[in-house]
Amino acid sequence: MTLAGSDSITIDARHEPVTTVPTRTAVIVVDMQNDFATTGGMFERAGINISGIRAAIEPTSRLIDAARSAGMRIVYLKMGFLDDLSDSGVPDAPNWRKHSLFNVGQNVTAPDGTESRILIRDTWNSAIIDELTPHAGDLVVWKHRFSGFFETALHELLQADGIDTLLFVGATTSICVESTVRDAMYRDYHCLIVEDCVAEPIGQDLARSNHDASLLALQLLFGSITNSAAVHNALASLVPAG
């Protein structure tokens, strides 16, 4: 079913509801790729608990499908370095020093038996997870830093489509999601973070997890916090086209 994407919708959110037009709204899917969300990927190999990211997949899939049907632009961000690591900051930049702890660039055998490399472009490791495979017409943007706006064409692509409002899903809440939200706000986008469609393994056993702390900071100064149910409820108000 195709919905009339030109009608405005109001999404319930903290600290206040956000009104937007689907055709001026994009869903930014941050780094939902094998290295972060799949057994055999970089996180799992490093002993990082990916259960929270896995739990976000199903609501994210449903939200993307509904948003696409409503005429929202779907944009996938993919973290990955060039084969020669020249965009990573080798040999001594802070970005490289942090990523080298995860054996970035190392040759590995993927679960499907193919040869791959950790966090390198166009390999199994950097591919979007099967459950969220992009559709024809979706945008895919490579990035080589935590923010999806740093040295990428993301802003230009969004501006070309007349986008002014962004819905954020993906991983991880306090690193690549938060970094991208902050940069989006600096560029005057209205930002909504979908709290059940983002996840953060760092500090998940603390009294206030890094996930919760990031959402609080983002809510106060950088955007609004919503959930997938609120987005679905807002989209349900649209009248089918035709």
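The protein has nine helices and ten strands, where helices (H or I, at least four residues) and strands (E, at least two) are DSSP runs numbered from the N terminus. Its radius of gyration is 18 Å, close to the 18 Å that the globule rule gives for 242 residues, so the protein is as compact as a globular protein of that length; the radius is taken over C-alpha atoms, and the rule is 2.2 Å times the number of residues to the power 0.38. This is a predicted model, in which local features need pLDDT of at least 70 and side-chain atom pairs count only at pLDDT 80 or more, while totals for chains, interfaces and linings use all residues. Residues are numbered from 1 along each chain as its sequence is written, and side-chain values use heavy atoms, with hydrogens and water left out.

**Overall form**

- Along its principal axes, the C-alpha trace of the protein spans about 50 × 40 × 30 Å.
- Of the 242 residues, 52% are buried, that is, under 20% relative accessible area, with exposed meaning over 50% and partly exposed in between (1.4 Å probe, protein chains only).
- Among the contacts with a separation of 6 or more, 71% are between residues 24 or more positions apart; a contact means heavy atoms within 4.5 Å.

**Helix H4**

- The 13 residues of helix H4 (residues 57-69) should span 18 Å at 1.5 Å a residue, and the end C-alpha atoms are 18 Å apart, which agrees; the expected span is 1.5 Å times one less than the number of residues.
- Buried positions in H4 are Ile-57, Pro-59, Thr-60, Leu-63, Ile-64, Ala-66 and Ala-67.
- These buried residues pack against strands E3 (25-30), E4 (73-79), E8 (165-171) and E9 (190-199), as well as helices H3 (51-55) and H9 (228-235).

**Helices H7 and H8**

- The axes of helix H7 (residues 173-186) and helix H8 (residues 210-221) come within 10 Å and cross at roughly 10°; axes are lines fitted to C-alpha atoms, for helices over the stretch in contact, and angles run from 0 to 180 degrees between N-to-C directions.
- H7 and H8 are therefore roughly parallel to each other, a class that covers angles under 35 degrees, with over 145 counted as roughly antiparallel, 65 to 115 as roughly perpendicular and the rest as oblique.
- Thr-173, Ser-174, Glu-178, Val-181 and Met-185 of H7 meet Asn-210, His-211, Ser-214, Leu-215, Leu-218 and Leu-221 of H8.

**The loop residue Thr-38**

- Thr-38 lies in the loop between helix H1 (34-37) and helix H2 (42-45) and is buried, with a relative accessible area of 18%.
- Leaving aside neighbours within four places in sequence, Thr-38 is in contact with Gln-33, Glu-44, Ile-50, Arg-54, Trp-124 and Ile-129.

**Backbone exceptions**

- Most residues other than glycine have a negative phi, and most peptide bonds are trans.
- A cis peptide bond joins Arg-14 and His-15, with omega about 15°; His-15 is in the loop between strand E1 (9-11) and strand E2 (18-20).
- The peptide bond from Val-90 to Pro-91 is also cis, with omega near 5°, and Pro-91 is in the loop between E4 and helix H5 (94-100).
- Leu-119 has a positive phi of about 55° although it is not a glycine; Leu-119 is found in the loop between strand E6 (115-117) and strand E7 (139-143) and counts as buried at 0% relative accessibility.
- Asp-122, likewise not a glycine, has a positive phi of about 60°; Asp-122 is found in the loop between E6 and E7 and is exposed, with a relative accessible area of 68%.
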